[in-house]
Amino acid sequence: VLKGEIPDLRNVPPGCRFHPRCPLLQSGLLPDDVAARCRGEDPGPIGLDVVRDAACWPARMSGTS
């Protein structure tokens, strides 16, 4: 469950739209390059498996696709 405020859809943040309340990013454990991408670039969807997609830089960078 994501905690924090839901962003105003009229003013979606840059990068991943969930980054302001992402537990992975907030943990401080992501490498700096991945954290920067979370804050600045939309990850776009990636296929996790036959029925699931994700739009997440950590998932993309881990080689999950």
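Tutor: Residues are numbered from 1 along each chain as its sequence is written, and side-chain values use heavy atoms, with hydrogens and water left out. As this is a predicted model, local features need pLDDT of at least 70 and side-chain atom pairs count only at pLDDT 80 or more, while totals for chains, interfaces and linings use all residues.

Student: Thanks! Why is Cys16 called buried?

Tutor: Buried means under 20% relative accessible area, exposed over 50%, and partly exposed in between (1.4 Å probe, protein chains only). Cys16 has 12% relative accessibility, so Cys16 counts as buried. Cys22 is buried too, with a relative accessible area of 16%.

Student: What keeps Cys16 and Cys38 from a bond?

Tutor: A disulfide is a pair of cysteine sulfur atoms within 2.5 Å. The closest cysteine sulfur to that of Cys16 belongs to Cys38 and is 6.3 Å away, so the two are too far apart for a bond. Cys22 is in no disulfide either, as its nearest cysteine sulfur, that of Cys56, is 6.1 Å away. By this rule the count comes to zero disulfides.

Student: How do you know that the buried residues of α2 line one face of the helix?

Tutor: Helices are DSSP runs of H or I with at least four residues, strands are runs of E with at least two, and both are numbered from the N terminus. In helix α2 (residues 32-40), the buried residues are Val34, Ala35 and Cys38. Seen down the axis of α2, they fall within an arc of 100°, so they line one face. That arc is taken from the directions from the helix axis to the C-beta atoms. Their cover includes α1 (23-27) and α3 (57-61).

Student: What makes Glu41 and Arg37 a salt bridge?

Tutor: The term asks for a side-chain nitrogen of Lys or Arg within 4 Å of a carboxyl oxygen of Asp or Glu. For Glu41 and Arg37 the N to O distance is 3.3 Å, so the pair meets the rule. Asp49 and Arg52 also form a salt bridge, with their closest N and O atoms 2.8 Å apart. The count by this rule is two salt bridges.

Student: And why are Glu41 and Arg37 called partly exposed?

Tutor: Glu41 has a relative accessible area of 35%, so Glu41 is partly exposed. Arg37, at 28% relative accessibility, therefore counts as partly exposed.

Conventions: Contact = heavy atoms within 4.5 Å.
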